[in-house]
Amino acid sequence: MNSTNRRHGAGDRPKKTPVDAVQLPHSPSSLPAKFRLSPLLLALGFCAPALGQSTAPALNLKPTRQLAPPSADGPVAKPALVLQARRIQGQLDQQALAEGEAELRYGELLLRAERFSYDMSSDAVQAEGNVEISRDGNRVRGPSLSLFVQRFEGEFLQPSYFFSQTAAGGKANSLKFLGGKKMRAEVATYSSCPAPEGEAAEPAWQLSATRLNMDFESGEGLAQGAVLRFQGVPILAAPALSFPLGGQRKSGWLPPNISLDSRSGFEFGLPYYWNLAPQRDATLTPFMMTRRGAGLDSEFRYLEPAHRGEINLALLPHDRVAGRSRWALNLQNRGELGRGWDYRLGAERVSDDDYWKDLPKRIDSATPRLLAGQFQLERRRELSWGEAKLYARVQHWQLLQGLDPASRLLSPYQRSPQLGLQLSSQGDEGVLAGYLPWGRRSRLEGSLELEYNRFDLPSEALASQTQTGSRVHLLGHLSLPMGGAAWWLIPKLNLNAASYSLDRPLADGRRSASRSVPGFSLDHGWVFERESSLGGRALLQTLEPRLLYVNTAYRDQSALPNFDAAPKDFNFDSIYAENQFSGVDRVSDAHQLAVGATSRWLDANQGEELLRLGLVQRLLFSDQRITPDGQPLTQRASDLLLLGAAHLSRQWWLEGSLQYNAETNKATRSVLRARFSPGPLRTVSTAYRLARGQSEQLELAWQWPLYGVGAADAPRASASASGGSCKGAWYSAGRLQYSLRDKRFTDSVLGLEYDAGCWIVRVGAERQSTGRSEANTRLLLQLELVGLSRLGSNALKVLRDNIPGYRPLNSERSNLLNASYD
């Protein structure tokens with residue numbers, strides 16, 4: 001940079017300034033002659049010794065680095081070409097020579113060198129001596145350069161380069177610019193690791209190639225005659241290796257998948273990504289398991305204007321351990337059929353009952369022993385008074401039972417089919433204004449659901465599950481919400497009616513039955529606020545009391561089938577529900593009042609919740625005969641629910657809930673959690689869970705630096721080939737779950753990570769329980785070459801899914817690139 005452009009005081013400015021800057025029109029013939037001459041006359045005035053005496057009068061022009069923007073109604077001008085150096089010589093409309101900290105600027109292009117010559121007629125630059133060129137964040141340095149400026153075409157000799165889009169670079173014998181978005185390097189290297197000191201030293205990982213093509217427009221890098229080395233050891237060689245330079249998709253071989261577990265042994269898979277079309281792609285992964293044999297995983301995805309989804313198929317033609325062929329299929333599709341009809345198709349199926357134990361990573365369901373399959377049609381229509389929805393669904397299950405009688409499960413019922421109509425009114429403001437004094441704040445709302453279901457059982461159902469049949473039900477409610485900014489009052493009428501036609505007779509010999517259960521509820525609440533303080537910190541405290549009165553008629557349902565009803569969990573949300581059951585077939589009789597209150601302390605300036613305390617209890621006015629366990633409930637006061645959460649410090653989070661039984665003076669259920677996070681990549685959390693008579697668990701999860709300096713302590717050094725250093729750091733991450741009831745560790749994960757800045761290695765072990773005395777243990781190993789690819793098993797996903805508060809070590813570069821090999 002010219003010293004005259006540095007920030008000096010008035011007395012610091014150099015006394016001799018040969019020239020500061022010269023602006024040259026990039027296409028001289030496109031401007032009138034008097035404007036073409038002015039910039040060059042400025043150069044001639046300072047370069048008289050080289051060009052002779054000038055008779056032109058002195059010009060009083062102000063040096064500048066850029067031209068004024070064009071007028072709004074005039075043609076769009078090309079960027080100004082600006083030269084700057086300690087000495088500039090030139091010939092009219094022909095050539096300019098810049099020496100001494102020379103610079104050339106054209107739009108986003110910046111060229112620096114000890115000296116360069118610019119030919120105006122050919123638009124060519126010849127630069128020598130510590131040449132550096134910057135454009136779009138990319139930097140290239142070398143001893144000499146020839147370049148056509150506007151076309152951005154030319155050649156760099158012996159350059160080193162850094163690409164900002166991938167945070168990686170390298171060196172080459174020569175680098176050719178093939179336009180603004182394309183480059184080609186001969187005998188080149190590529191790495192995101194800085195080169196260590198010493199001529200013979202190499203980066204920790206490096207890709208070398210006889211030719212390296214970089215196409216930033218299509219987002220593809222292609223290395224021919226490629227060899228990938230890690231710590232100087234070749235780990236991959238390929239005639240052609242391509243890798244994306246962003247999030248673009250392209251066909252090619254992906255990095256191999258490697259895993260090791262106690263049931264299948266060592267597994268190696270080599271995926272091939274096939275970019276079929278902009279809206280369709282597929283991935284084929286042939287794999288080999290040392291214990292079970294060879295197979296193929298496949299995935300097909302599509303995203304059409306009216307349809308989208310994916311199909312996954314895993315094939316293991318001959319499992320040497322099981323002695324049979326095994327497969328897994330997963331379909332997830334949805335779309336539009338026209339005239340307002342939407343559809344959804346989802347199905348997951350496997351070949352046998354032990355698949356979830358032997359090959360768990362190929363099952364996507366959150367309940368690996370219960371696999372759903374359904375097809376649904378739906379049409380919604382907005383009406384002047386609300387919304388109408390018409391729907392149809394078929395839902396079937398695959399239940400993976402196994403041979404152990406003690407582990408067999410009850411099967412949910414299948415719907416073959418389900419047909420329904422839902423109507424809901426949103427109400428209009430002031431609909432009752434003529435009848436109620438508060439009419440402007442009232443609106444009459446209601447809903448109606450009419451549905452037919454045919455219930456049957458899958459073939460894997462227990463022999464004790466025998467009842468099947470059909471049901472028609474009607475659910476409806478009518479409410480009149482009232483309230484203001486700080487209160488609400490919602491009276492509501494409910495109706496649950498159902499009629500059954502059964503395949504097997506009931507205990508009294510009937511094959512049909514019906515019942516109708518009406519109910520009434522009144523929901524009322526307030527929100528009070530007041531200013532408060534804690535430790536000198538301004539707070540806003542709220543008090544939020546709530547009452548829910550429910551009066552539901554008793555109807556004997558003991559003889560009726562139960563196709564879809566299940567008890568709701570007893571918590572802060574469900575205690576304010578009118579029915580203790582989900583589904584339709586069971587409706588709890590009730591004459592009760594739920595009474596509770598919550599208080600919050602909020603930061604008065606930012607609105608952040610610092611502290612929350614709450615309690616709620618249900619009071620019975622009469623015995624309840626329809627209960628989840630089938631035994632009448634005579635206890636007038638339910639268990640007391642207590643809730644607390646605190647975030648008084650940015651480092652500490654505390655929360656807990658307690659279900660307390662006053663008759664036994666014991667906690668029926670409790671959950672206590674604490675998390676300490678003093679900074680990035682530092683978190684420790686603990687949890688205690690108790691369900692008396694069922695389970696009692698302790699959990700410890702963490703992510704913490706062990707040794708070295710990494711992103712947790714200081715910003716990571718730039719991973720470039722142009723300088724800097726990678727300082728490694730060790731991190732530990734994991735989650736341990738221990739059952740106090742069974743006195744053993746259950747599902748747990750242990751991981752160890754090493755972050756060198758430009759590469760990361762992860763080693764871990766995952767243990768998943770498959771029974772009281774069975775478990776599957778999987779070893780994880782992943783090498784991540786930042787800016788290129790991840791190799792090995794997907795340890796990062798396992799850590800992220802299992803550890804609360806876990807952050808990837810490279811979170812600031814989360815859009816990592818996945819390599820592919822041609």
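Predicted model: local features only at pLDDT ≥ 70, side-chain atom pairs only at ≥ 80, totals over all residues.
**Entry 1: salt bridges**

I started with R105, which counts as partly exposed because its relative accessibility is 24%. The cut-offs I use: buried is under 20% relative accessible area, exposed is over 50%, and partly exposed is in between (1.4 Å probe, protein chains only). Residues are numbered from 1 along each chain as its sequence is written, and side-chain values use heavy atoms, with hydrogens and water left out.

What does the side chain of R105 meet in a salt bridge? The partner is E103, at 3.7 Å from N to O. A salt bridge here is a side-chain nitrogen of Lys or Arg within 4 Å of a carboxyl oxygen of Asp or Glu. E103 is buried, with a relative accessible area of 1%.

I counted on from there: the structure holds 46 salt bridges. I looked up R636 and D623, whose side chains meet at 2.9 Å, N to O. Both lie in the loop between β37 (609-620) and β38 (640-649), so the pair ties together parts 13 residues apart in sequence. R636 is partly exposed at 41%, and D623 is partly exposed at 36%.

Next came R790 and E784, with their closest N and O atoms 3.0 Å apart. R790 is partly exposed at 24%, but E784 is buried at 0%.

**Entry 2: the disulfide**

How many disulfides does the structure hold? I found 1, counting a pair of cysteine sulfur atoms within 2.5 Å. C193 and C758 form it, with their sulfur atoms 1.8 Å apart. The link is right-handed, with 90° about the S-S bond. It connects distant parts of the chain, 565 residues apart: C193 sits in the loop between β11 (182-190) and β12 (205-215), and C758 in the loop between β45 (748-755) and β46 (759-769). Both C193 and C758 are buried.

S416 and P417 are joined by a cis peptide bond, omega about 5°, and P417 lies in strand β26 (residues 414-425).

N130 isn't a glycine, yet its phi is positive, about 50°. I placed N130 in strand β6 (residues 124-135), and it is exposed at 64%. K743 also isn't a glycine and has a positive phi, near 55°. K743 is in the loop between β43 (729-739) and β44 (744-745), exposed at 63%.

**Entry 3: helix α4**

Which residues of α4 (residues 795-802) are buried? I noted A795, L796, V798, L799 and N802. Down the axis of α4 they fall within an arc of 165°, so they line one face of the helix. That arc is taken from the directions from the helix axis to the C-beta atoms. An α-helix has 3.6 residues a turn, so residues three or four places apart point the same way. The buried residues of α4 pack against β43, β45, β46, β47 (775-785) and β48 (789-792), where contact means heavy atoms within 4.5 Å.

Conventions
Helix = DSSP H or I, 4+ residues; strand = E, 2+ residues; numbered from the N terminus.
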